[in-house]
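Subject: The structure, and what turned up in it

Hi there,

Here is the structure for you to open in your viewer. Please have it on screen while you read on.

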Amino acid sequence: MKQTTIDWGCLSRHRGQLMGVSILFIVLFHIGLPRTDAFFGLKRMGNVGVDLFFFLSGIGLWYAWCKRPETWHFYQRRLLRILPAWLVVATAFYLPDYLGPQRFSSNLPDLLGDITINWDFWIHDELTFWYIPATLLLYLLAPWYMRLIQRDAVWRWLPVLMILWCVAVQHVAPIHAAVGHIEIFWSRVPIFFIGISMGEWVRQGRTTTPGTPWALTLTMAVSLALCIYLEQALHGRFPIFLERMAYIPLTISGALLMAQGISLLPARVTSMLTMVGSLSLEIYLIHSHFVLTWIEPWRLGYWPTFALCLTVTLPVAWLLHYILHKVMNAWSL
């Protein structure tokens, strides 16, 4: 490696590009691939993009909070970023279903709950757009955690207890019976709050010791190899939360190393990644249930399906983002 140290501030400088990488990982994860394929284990690793999103979101929230530590302003800013796009897409998805086969919304209250907060995720783990209700709840909790760690830094250890909670959700029968159906949420909680906890290092631009790049490379290699093995050889035969605990060191080490690599990319590539990152919410909402569902029956193959999905999704995501941006600006006036 050319650099002997790493500046944590790179996670802020290249946050847009990292968000772009994250959503590309998620699109790749959602494309079907036979388990017998040699790429299956690595393809399954695409869902680490969610962990990377939560980690980067935590860092970004700490920046926003330090600039203006007001709870209501914090909520307003977060909701205005998520809710407009969510309400449009959720209505476009759930309303036709309610008027037709009713696979998701069986009655009017159920429809309203699905469109507003996707409550079927919390009730019975309906995963169609699970990232949205999970993010909204984490945003709701974030200011209180940030106030807590500002008062006493020892509370930065709370994510360790959150990891123990994931173990309890899996193996303590009463807890598992009550909330085990949303394991996909619990196992992502630690990395979100770790992101908030590390936000101050990023904001200060703290520099690592000379040996850190090699330690990060080793950490990423070991955690990545472990997760690929679990998916390729043992898919469906191990508690999934175990893999997501391994995602924590993979996410942190991978984010730092990717940020270093992004700084070496041509400007045109970084600009494209930034553009994709700025549309990550819209891409997430659109690509799987509005684009892939029509493309995958054509059986084009994994990479052609990915290319076509991205080609169709990007302009639609940009158009949705552009229209909502114009509407929100006009409404604010």
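Below are some notes on the core, the pocket and a handful of residues.

First, a word on the source. This is a predicted model, in which local features need pLDDT of at least 70, side-chain atom pairs count only at pLDDT 80 or more, and totals for chains, interfaces and linings use all residues. Residues are numbered from 1 along each chain as its sequence is written, and side-chain values use heavy atoms, with hydrogens and water left out.

**The core**

A nonpolar core here is a set of buried Ala, Val, Leu, Ile, Met, Phe, Trp, Tyr and Cys residues joined through side-chain atoms within 4.5 Å. Buried means under 20% relative accessible area, exposed over 50%, and partly exposed in between (1.4 Å probe, protein chains only). The largest such core has 88 residues, and Leu11 and Ile132 have the most contacts inside it. Leu11, setting aside residues up to four places away in sequence, touches Leu18, Phe55, Leu56, Ile59, Val202, Ala255, Leu256 and Ala259 (contact means heavy atoms within 4.5 Å). There is also a second, separate core of six residues, among them Met45, Val48, Cys227 and Leu250. As background, nonpolar side chains tend to be buried together in soluble globular proteins.

The largest pocket holds about 1,400 Å³ of space. Of its 42 lining residues, Arg15, Arg77, Arg78, Arg81 and Ile82 are the closest to the centre. For the method: on a 1 Å grid over the protein atoms alone, a pocket is an open set of points where a 1.4 Å probe fits, with protein on both sides within 12 Å along at least five of seven lines, and lining residues have an atom within 4 Å of a point. Grid points are joined across faces, edges and corners, and the volume is the space filled by probe spheres set on them.

Which helix gives the most to the lining of the largest pocket? That is α5, with 10 residues. Helices supplying at least two lining residues each include α2 (15–30), α5 (71–99), α8 (131–151) and α17 (302–332); helices are DSSP runs (H or I, at least four residues), numbered from the N terminus. By type, the lining divides into 20 nonpolar, 15 polar and seven charged residues.

**Around Tyr94**

Tyr94 sits in helix α5 and counts as buried because its relative accessibility is 0%. Beyond its neighbours within four places in sequence, its contacts include Trp86, Phe104, Leu111, Asn118, Thr128 and Phe129. The side chains of Tyr94 and Glu126 make a polar contact at 3.0 Å (a pair of N or O atoms within 3.5 Å, where within protein one must be able to donate a hydrogen and the other to accept it, and residues adjacent in sequence count only if both atoms are side-chain atoms). Thr128 lies in the loop between α7 and α8 and is buried too, at 12% relative accessibility. Besides Tyr94, the contacts of Thr128 include Phe93, Phe104, Tyr284 and His289.

Most residues other than glycine have a negative phi. Gln102, however, has a positive phi of about 55 degrees; it lies in the loop between α5 and α6 (108–117). Asp125, in the loop between α7 (119–124) and α8, has a phi near 60 degrees. Gln102 is partly exposed at 36% relative accessible area, and Asp125 is partly exposed at 25%.

- Pro143 is in helix α8, is buried at 0% relative accessible area, and is in contact with Trp65, Thr71, Phe74 and Tyr75, leaving aside neighbours within four places.
- Ser280 is in helix α16, is buried at 7%, and touches Met19, Ile23 and Phe53, not counting residues up to four places away. The C-alpha atoms of Pro143 and Ser280 are separated by 23 Å.
- Val169 is in helix α9 (residues 158–171) and is buried at 2%. Val169 and Met146 are 23 residues apart in sequence and 25 Å apart in space, C-alpha to C-alpha.

Key:
Ala, Val, Leu, Ile, Met, Phe, Trp, Tyr, Cys and Pro count as nonpolar, Asp, Glu, Lys and Arg as charged, and the others, Gly among them, as polar.
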